[in-house]
Each structure stands twice: as C-alpha cells, then as structure tokens.
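User: Hi! I'm new to reading protein structures. Could you walk me through this one?
Analyst: Happy to, let's bring it up.

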Amino acid sequence: MSENGAVETRPERPDRTEEGSVGERLPGVAADPATPTPPQPTPRPRRRGPGAFAFLVLPGLLTLSAVAGFLALTGGLPSDWTPGTERQQVTVPGVNETYVPWLRKAAAGCTVVTPSLLAAQIDQLSGWQDDTGRLSAEQGIAGFTDAEWRTWGKDDDGNGKSSPRDPADAIMALGRQDCALAGEVTGLRTDGTVTGDLVDLTLAAFAVGSREVAAAGRVPAGARTYLAEVRQLLPLYQAFDRETPAAGGPADAILAPPVTTLVITSPYGSRQHPLTGVTKLHTGVDFGAPQGAQVAAARDGRVAFAAMTRAYGNRVVIDHGTVDGKRLETTYSHLSVLGVAAGQNVRTGTPVGRVGSTGLSTGPHLHFEVVYDGYYADPRPWLALGD
C-alpha cells in the first residue's frame, strides 16, 4: 500500500532561482535565515558549448601542464581535501580532473544535489568552456550573471578574488544555488503544494523559476527540455558521485510510533509508484493500518500545517523545533479525518487524525515522513519501532 510519497529538480532560464520563489516558504516549513535571496527571475536564452561528448575522441587533453595551470589559477584543491579522501581517481575527457573535489565539496551542502548533477548542469550550460570572448551577460563555466554572482558567489578557493570565471568559485556557487532551490521545493512538497521527483523539481526551479513550478504544482512544460538535457548527460558523470551517505538523524530513536500497527508496507527509498508507475524516491514509510485507526504525534511540537492536499490527501505537518541545531518536522498523510488545526500545540501521543486513503493512495495506510534540516530522511532510525 503506497501513495504519492515518491520524491524526489534550464532551457530558457531566468536569473536562476515539479515551487514558490527562493526566499519564500509555505506554512509549516521554517525558513533558513542564512539562505540568500536570489534576484527575481527574468527569462533569457540559455547558451550551450560543445559539451564533454565532443571531446570523447580527443585523448590526452588532461595534461600535466593544464593541471598545474589550473591549480595556480584557482588555488588548488579544496582546503579540507587530503589524500585518500577521493574514493577513486576519475576523469572524463574534456573535464579537468581537479574539478572533481570541488564538485564533491559543492554537492555536500544538501542531499538532493550530487556531483554528477552539478557536472551535467555545467555541461549543459557551457560545455565546460568559459567563453570569455563572447558577448554574453553569462560568465564562466556555470554561466552566472553579475546579479546572480552577487547572491551566490564567494572566494571559495581563497585566492583573494571571487569570480564567476574562476572554476572552483563557480562550481561552489552553483552548488549553493541548487541546494537553496532544493530546500524550497522540499518545503513545497512537504506542504503538498507540488508533487514530483525532488531532483526534477530542483532543476525545473533552476530553469524557469520556483514560482512557475509552484503555480504548475509539478515540473512545468517550460522546464522539460532543460530537464531532459541534464538527465541525458548525467550518466557521463556518475563516477564523480561519492558513496551515498546514510540517511537519518541522531543515533538515538527520539520519535514515538505514530500508529500502534507497526507493519511497514513500503519503506523509505527508491520505488515504483503504484499509481503513476514512475520510479523515484519514496520520501517516508507507509504503515499499514486499518481505516479509522488513530494517528498520534510522534513528539511534542506545534502543528504547522493541517489541510487537504492534492497528492497527500488530508495532511498534518508538525514542527518539533530544533534537534542538534537543525529543525525537525514530521508529516502524517492520507488521513481520513484531521484531528488538529494549524497553530495548535501538541504533546507526544496527541491524536492528530485517523488513518485513511485520501489523495493518491491505493488503500488505508499512514504515510509518515521525517524532514530534518529541510530535507527528507529515512524515518526508521528516528523511530522506536522495536524488532
């Protein structure tokens, strides 16, 4: 028994911002005051260099002199990189091998973004070419405008200058922007405003602006070409990805079970959605339980959202405050009845509703999620489920 919980996101792209604009968050999702607010999106044509594929028949491009020149230009590898931290030596023709540690460092900022995703975006945007001689407002391998750079750019390699034409700085800035967008679309998914794969939704927000994604409720038509192009390039860069970190939060189980029936009918992880047939991340766990069974708050907190949504049906989001300095939320979906209202304070065990099959669902069950630091986590390490 399962539901919509599948997760999971630049043809004509705006000043890059299947939801709400960056800096906006819907009820029930706490805003991060440290996240910069990007410029308002203004659509413009994208540009595309020849891409890494054009170099597949040109061996030997990564010469020692090129590597030395890059290190001299950018200040070398990330300051926290030490020998042995790379799981494997990987190269892709046309891509300087010293970019890989920066791609991995940039992707470490959030769970949705991967090094291969950043690499595929850069390939789609510029073909890994700076194109400094072209008449374009976009600069460097990641195609930042001056306005965008003021929001996302920093001197990440410590060479004394922050520049979109510095590859290390550009890669890190793209990672920051993507992670901010991933946080936005995660919040919109948590509230049931949008549905779809989080990676697809993040790429769509990058392509056309998160407001258009929010208005469409999914990946809008205007973002599909960009999304398809990036997805097509992803396999070329999969070797850049680190091993997937273990999902979850603190080692101790700090959440009480939300239902008395603890039979998991669909775990957290990649799966094929039983209704749509699409394979994507299932963002929570499904507890099989009879229609009308009581659903209880897993921890003390405040109800941030309680309403009917298109995909999740009747849905409750509870904000539990911070754990280890990061915000913790839990969600309860497909309820037959809502037992609480937004703004209400609850204690562990307070009834929040009844098990149902509202929204995209194949039968009565509770879809339960944990959102930690703005991203979905496997609920099982958090729950005292017993063996």
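User: Which hand does the crossing have where α6 passes α8?
Analyst: α6 passes α8 in a right-handed crossing. A crossing is left-handed if the near helix is turned anticlockwise from the far one by less than a right angle, and right-handed if clockwise. Before we go on, this is a predicted model: local features need pLDDT of at least 70, side-chain atom pairs count only at pLDDT 80 or more, and totals for chains, interfaces and linings use all residues. Residues are numbered from 1 along each chain as its sequence is written, and side-chain values use heavy atoms, with hydrogens and water left out.

User: Okay! At what angle do the axes of α6 and α8 cross?
Analyst: At roughly 125°, and the axes come within 9 Å. That makes α6 oblique to α8. Axes here are lines fitted to C-alpha atoms, for helices over the stretch in contact, with angles running from 0 to 180 degrees between N-to-C directions. Angles under 35 degrees count as roughly parallel, over 145 as roughly antiparallel, 65 to 115 as roughly perpendicular and the rest as oblique.

User: And what about α2 and α3?
Analyst: Their axes come within 8 Å and cross at roughly 115°. α2 and α3 are therefore roughly perpendicular to each other. The crossing of α2 and α3 is right-handed.

User: How many helices and strands does the chain have?
Analyst: There are 8 helices and 13 strands. Both are DSSP runs numbered from the N terminus: helices are H or I with at least four residues, strands are E with at least two.

User: Switching to rings: how many aromatic pairs are there?
Analyst: The structure holds 8 aromatic pairs. Rings of Phe, Tyr and Trp (its six-membered ring) pair if their centres lie within 6.5 Å; planes under 30 degrees apart count as stacked, over 60 as edge-to-face and the rest as tilted. One of the pairs is Y99 with W128, which is stacked at 5.5 Å centre to centre with 25° between the planes.

User: Where do Y99 and W128 sit?
Analyst: Y99 is in helix α2 (residues 99-107), while W128 is in the loop between α3 (115-126) and α4 (146-152), so the pair ties together parts 29 residues apart in sequence. Y99 and W128 are both buried, meaning under 20% relative accessible area, where exposed is over 50% and partly exposed is in between (1.4 Å probe, protein chains only).

User: What about F206 and Y226?
Analyst: Their ring centres are 5.8 Å apart and the planes are at 20°, so that pair is stacked. F206 lies in helix α6 (residues 198-208) and Y226 in helix α8 (residues 224-233), so this pair ties together parts 20 residues apart in sequence. F206 and Y226 are both buried.

User: How much of the chain is buried overall?
Analyst: Of its 387 residues, 54% count as buried.

User: Is S270 buried or exposed?
Analyst: S270 is exposed, with a relative accessible area of 61%. You'll find S270 in strand β2 (residues 269-272). The C-alpha atoms of S270 and H282 are separated by 5.7 Å, though these residues are 12 apart along the chain.

User: And D324, where does it lie?
Analyst: D324 lies in the loop between β7 (313-323) and β8 (326-335). D324 counts as exposed, at 63% relative accessibility. Its C-alpha atom is 9.9 Å from that of D373, 49 residues away along the chain.
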